[in-house]
Amino acid sequence: MLKLENLSASYQTLYGDVDVVKNVSFEIYENEIFGIAGESGCGKTTLLKALYDIVVYPLVIKGGRVVLSGVKDGKPFEYQTGNIRKAWWNNISYIPQAAQSVLNPITRLKNQFLDSITPENGAKEDKAQTLKRVEDYLVELDLSPDVLNAFPFQLSGGMRQRAIIALATFMSPSVILADEPTTALDVVVQRGILMMLTRLQRQNKNTLVIVSHDMGVHYQIADRIGIMYSGSFVELGKTADIFEDPVHPYTIMLIGALPRIGDTRRKTGIPGRPPDLKNPPPGCRFAPRCPHAFERCTKEVPAFIEVMPGRFAACHLLENGGRVNG
């Protein structure tokens, strides 16, 4: 459904390029929920922008490409970096970070729906019919059709988030990209939003890519998860497998820091801080914080390889069937 081939993306500044996504390659499958996790500033949002082809200055694609392909309504489609915009709404949609703030504050919601659901984006009926379908769809998402006549500021944060999700999913796109969809919402509303997203994914059998720094979110809903660190993936595999048996030192420390019911052991954070993307360390970027680092780690970038069936990681210690001890 989505394939990334050696994708690299940078922000151009007066002081040189800042490489935020570096040589990322992986595939996202049809009818799955794929999670992307990692510390703030590791490149998750930039990666999602590259997937959606929101590439505007100062962001540039320095290498590689994204391929979006599949079949919808019996018709095959394929788009690549540079023309994925042609697939917006109909084949791929995007729920941006802090989505509540992206709605036009001086335009009623119904006009914002009609501006997005157009014949150019795959709409097949007139505006009156479209509005009727939108009303029915809002009811499915536990929203009153009356919100279409409201301005965004008249709605609560949870209602605005549901409206954004309704807008992003109304055309039943094959791929939905969600960037921190539960940010700034209380835990009860967060749970409702996550349940709604998973219900829509199962109902439409599409692909949901969800970015979150909250590992609990991924544990609840993601089929597979990719762990990012400083612009690259360090581990990728089935969510249950990674939580039960993480193999990369960063993932091991990340999972080990999570609180668990009944676990009274003292939790410790990961020492140090992520590297400066303007001046990253040579070799493995996690080496300065890794308790298992050795000389090779400080000189040579580890390859992102399949270390066991369905599990990929980037660590010199994991080559040739090796494991991280401790």
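The model is predicted: local features need pLDDT of at least 70, side-chain atom pairs count only at pLDDT 80 or more, and totals for chains, interfaces and linings use all residues. Residues are numbered from 1 along each chain as its sequence is written, and side-chain values use heavy atoms, leaving out hydrogens and water. Helices (H or I, at least four residues) and strands (E, at least two) are DSSP runs, numbered from the N terminus.

**Helix α4**

- Helix α4 spans residues 157–169, 13 residues in total.
- From first C-alpha to last, α4 reaches 18 Å, close to the 18 Å expected at 1.5 Å a residue (the expected span is 1.5 Å times one less than the number of residues).
- In α4, 11 of the 13 residues are buried, so the helix is largely enclosed by the rest of the structure.
- Buried means under 20% relative accessible area, exposed over 50%, partly exposed in between (1.4 Å probe, protein chains only).
- Among the buried residues are Gly158, Arg160, Ile164 and Leu167.
- The buried residues of α4 pack against β6 (92–95), α2 (109–116), α3 (127–140), β7 (175–179) and α5 (187–204); contact means heavy atoms within 4.5 Å.

**The open sheet**

- Four strands form an open, antiparallel sheet in the order β2-β1-β4-β5; two strands pair if DSSP finds at least two bridges between them.
- β2 (16–28) and β5 (75–80) stand at the edges with a single partner strand each, so one side of each has no neighbour in the sheet.
- Strands β1 (residues 2–13) and β4 (residues 59–72) pair over eight bridges.
- Ser10 has Val60, in β4, as its bridge partner.
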